[in-house]
Amino acid sequence: MRVCGLEDIVPDTGVCALVGGEQVAVFRIGEKVYAIGNRDPFSGANVLSRGIVGDLNGELVVASPVYKQHFCLRTGRCIEDASVSVPVYRAVLEGIDVRILKLGEANVLSSAV
Amino acid sequence: MRIAVIGNGMVGQRFLEQLVRHAKDKGAACDITVFCEEPRPAYDRVQLTSFFSGKSARDLNVVPEKFFEEHGLTLRLNDAVLGIDPVAKVVRSARYKNVPYDKLVFATGSNPFVPQVSGRDRRDCFVYRTIEDLETIAARAARARIGAVIGGGLLGLEAAKALKDLGLETHIVEFAPRLMSVQLDDSAGRLLRGKIEALGAKVHVAKDTKAIADGKTARNQLVFSDGTSLETDIVVFSAGIRPRDELARAAGIAVGERGGIRINSHCQTANPDVYAIGECALWEGRTFGLVAPGYQMAEVAARHLLGEMQLQFLGSDMSTKLKLMGVDVCSIGDAHGSTAGALSYVYTDEIVYKKLVVSADRKSLLGAILVGDAADYGPLLQLTLNGVALPEHPEDLILPVRTGGGKGIGVDMLPDAALICSCNNVSKGQICETVRGGVATLGALKKATKCATSCGGCGPLAKSIIDAELKKQGVAVSNHLCEHFAHSRQALFHLVKVNGIRTFQELISRHGKGKGCDICKPAAASIFASCWNEMILKPKHAPLQDTNDHFLANLQKDGTYSVVPRVPGGEITPAKLVALGETAKKFGLYTKITGAQRIDLFGARVEQLPLVWKELIDAGFESGHAYGKALRTVKSCVGSTWCRYGVQDSVAMAIRIEQRYRGLRAPHKIKMAVSGCTRECAEAQGKDVGVIATEKGWNLYVCGNGGMKPRHADLLAKDLSDEELIQYIDRFLGLYVRTADRLQRTSTWLENLEGGIEYLRKAVCDDSLGLGAELEADMQKFVDSYACEWKTAIETPEILRRFRHFVNSDEPDSGVVFVEERGQLVPA
C-alpha cells in the first residue's frame, strides 16, 4: 500500500507508517527507500524510525535511539547481537509514491521476530 | 597479634594499608589500634598549601572510604599517646591507661623546628604543619596585612605561598645566603629568588633573626643581627623539621644524637618489637623528610612484622620536584657536585636554569638542578638512578632544542627496573605489564597501580611510557572519531571553522568517507551548531541529530518524551508555576522537580510536543535545552536579596549567565551554578562552571562534575568583577568547545589537558594563547544569534510536519500505555 510521498521523508531520515495495524519504519537514503519493523526489540519502544541512519563497514544501518544498537536496513539483523533481528519489509518507490507490501504477503523477505 | 600504631599521617596510613593487605594474603589475624592526636585521619600533607587555593580538608584526605570499618581497625582520633612501657608492652594515651600490644609502630612524623628567638611565643607566631595550623593562620590572617615566613627552604616557600594565597604582603626571611640552600646552588637560588620576587613576595637572605618584638607600623617586628628589622603582623616558622622521638626517648629506646629513632634495615628500633617509620626514623645516621622513603619504610615494616625478612630499607633517593609559588624547582641526586672529580654543565637564559653534574669520565649523570622548567625532571632522574650511559655530549640534554638537533632522552632508553613512581613504587616494567594487560590511559593506569597518584610528578613520564608501549604493541593510539573520519573532534572543529563548512555532505566528502553514522553525525551537528548557530532542525541538519535534538525533547524508555522549560537561575513566578501545572494537567503529564531547579514534564507523545510547547511559549517559557549537549541550567542559591549570609546577588548573576550561554552547543552537556557566599548552597564546586561570591567579587571554579565520577572543581580565578567573570567564562567555554573530544565533559577534558589547570589558568586569565579576543568575539556572535528553538519550530510548518507518530495516520502509538501511580501517570 502507499504510505506516503517521497517528499514526506527528509533525506537520510525515517518515518513510521501504519501498515495493516503494524508499525513499519521507512527510511529514505538518497532516492532509495528501506523498511523494517519500528519496534526496538531491546527497549520495546516503537521508535526505530527515529534513529540515525548511516553505514558501518559498508552496510546500511539505523541506530536505535534508545540504547544505540544498530540494525541492518536490508536484513533487519542487529549488528551487536546476532541473536536479535527485526522484521524486514519490501519498500518500493513508484514514481514519487512510497509503497510497503503488507505483512504476511509473499513479498515479505524475512520476519525473524 | 595486637599491633599499636602511633600516628596516622601519610606514612602511618600507608603502613596500615600494606599491613591489612599482606595480613589478608597470609591469613594472619591482626588486632590493630591506631592513635592519632589530630582530629582527622591521614591527609595529604604534601599538598597542604592547596588548602588555601580552594581545596578543603576533605579533598586532602588519603584514607580510602570506610577503610577502618572494613578492615576492623580501631582508630583513636584526638587521642595523643603520652607514654609507652616497652617492658610491660603497653601504651598509655590521653584517654586510655593501658593498651597492650605485641608489636608497636612509631609513625610520629616530625615537628616544625622553631629556632631560639626571643619572642617566638608571641600571639602572632605560628608553625606550618597541620590543617589546624593552617586554620589558625587563616583566622589570624583575616585581620592582618603583612606576613613573614622564617625559613627559605622548601617548607618555607610552601608556607609563603599559603600567606600569599591569604592575600598578605609576604616576606621570606632566610638565614643562608640563598633560597633552598640544601637543594640549589648559588645561581639557581638567585634565579629562583628573582622569580619569586616577580610574583610579589619579598625575599631577605642572609638574615639572622634575633628577636620578635612589638612593631611600629605592624603588630610585630623581626629584629635581625645586622641591626635591620622588618615590620610584620604574622610570623610563620618554617625553618625545617625535627623528628618526633620524645616518646621513644622517654621509654629508653635508642635515638640519634641529633634526634630520630634509630632503626635497622627492617625498620626495627633497638627494641625488636618496636618499629619506627617515616620522618621520625633514623637510618644509618640519616632522616628522610620526604614521603617516598616513608612509604618504602611502611612496606618494609609491614612485611617484616608479618614474618617476611627479605625486603629491606636501604636508604632512598632524595631527589625532589616541586612547584614553589608556581615556579618549578627540581633537585636530583648529587646536585652540588660533591662527588670526587664531578664535572658540571650549566645552561641558563635567566628564565630557566639547568645544571648537570656528571662523573669524571662524563659517562654517567650524578645529579641535576632545574629551575623554571621541570620538563626534564623525569628523564634526568631516570638517567641518574639507573646509571644509563650518557650521550657523547651530555650538554645536549639541557640545551634548548634547535631545528635539526634533538634531545636524546627517550623512554626506550630506560631499563624495565627504572622506578617511575617513587611515591608508590611503580617501575617502568610494571607500567608496560599493565599496558599489556589492557590499560591504555593514564587514568586507568592510576587506578590499576596507584602510579602518579601521590605527588603526580611522574605523570607525564608515565604517559609517555604508556604511549610507547602501545605503539610497540602495534596499537595505533587513535583519536579518530569513527570509521568515517580519520580525525579527532578537535581537528574536525578546526576544519569546519577554518574552511567555513556548513553541511555534513561537504564535510564527509572533503574530509571523510562513507555515509556517516550515529557517532560522527551528532558530533558534526554539534560542531556546526557551535560554529554557525543555525537552527538544528533545518533539513540539512535534521538527519544528523540524535533523537533528543531531533524532537527537541528527552526520549524516555517507552518512546514518549519529557519536556523541560528553561527556568533561569531557578527563579520562577507563581503565575508561571501555575501555567506549568495547567499544561501538565491538560496533557496528563507526570511532573517532577529536577536536580537543577527546573520542572520536568514526562509522558508527552511525539505529536503532543508542539501543542505542549505552544502553551508553554504563550506562558512565556522557552526551551531549556535539556535534550541537547548544551548549557543546561545555572543553579543558584537565593543570595544577598534574602539570605542573611549572602554577600552578592547570586540569582541575578545566575540569570545573567544562563541567558548568555543558553543554547550553546558543546561536546557534552554543561552545568553551572552560582552561590551567594562561601556556604555554597548552590553546590557550584560540583559543576562545569561554578561561581562563588566573595566580599570582593566572584571566585570562578571550573571542571567540576557530579554523576558517575564526581570531581571537585578547581579554582581558576579569585575575586573577579562581573565583567571579568563573564570574560573568563567566555574564554573557558570557547576553549572547551574547540578542543574537547566528543562526549567529553569538562572534568575529563581537564584531566587530559597537557599542563592541567595551570595551563588552563594561563590561557584563560593571562591569555597565553593569544586567543582571548577571538573566543570572546565568537561567543558574542553566538549570543547575538540566539533564538528559542521551540519558538522557531512551532512557527515553521516543514519542521512541525515531523512531529507525528505515523506518516499515514493520526492515530497515537498504541505501544504507549500508562498506569496511575501516586496520583500521576507513569509507563505501564
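Modeller: Chain B has 25 helices and 38 strands, where helices (H or I, at least four residues) and strands (E, at least two) are DSSP runs numbered from the N terminus. The model is predicted: local features need pLDDT of at least 70, side-chain atom pairs count only at pLDDT 80 or more, and totals for chains, interfaces and linings use all residues. Residues are numbered from 1 along each chain as its sequence is written, while chains are lettered from A and ligands numbered from 1 in the order in which they are written.

Colleague: Why are α10(B) and α12(B) called oblique to each other?

Modeller: Helix α10 (residues 428-436) of chain B and helix α12 (residues 459-472) of chain B pack at about 50°, their axes 9 Å apart. Under 35 degrees is roughly parallel, over 145 roughly antiparallel, 65 to 115 roughly perpendicular, and the rest oblique. α10(B) and α12(B) therefore come out as oblique. Axes here are lines fitted to C-alpha atoms, for helices over the stretch in contact, and angles run from 0 to 180 degrees between N-to-C directions.

Colleague: Which residues of α10(B) and α12(B) make the contact?

Modeller: B:Lys428, B:Ile431, B:Cys432 and B:Val435 of α10(B) meet B:Ala462, B:Ile465, B:Ile466, B:Glu469 and B:Leu470 of α12(B). Contact is when C-beta atoms, placed from the backbone, lie within 7 Å. That set divides into seven nonpolar, no polar and two charged.

Colleague: What is a nonpolar core?

Modeller: A set of buried Ala, Val, Leu, Ile, Met, Phe, Trp, Tyr and Cys residues joined through C-beta atoms within 7 Å. The largest has 83 residues, and A:Ala35 and B:Ala524 are among those touching the most other members. Helix α15 (residues 520-532) of chain B gives the most to this core, with eight residues.

Colleague: How many residues of chain B are in contact with chain A?

Modeller: 24 residues of chain B, and they touch 24 residues of chain A. The chain B side divides into seven nonpolar, nine polar and eight charged.

Methods:
Contact = placed C-beta atoms within 7 Å. Nonpolar A, V, L, I, M, F, W, Y, C, P; charged D, E, K, R; others polar. Buried ≥ 20, exposed ≤ 12 C-beta atoms within 10 Å, placed from the backbone.
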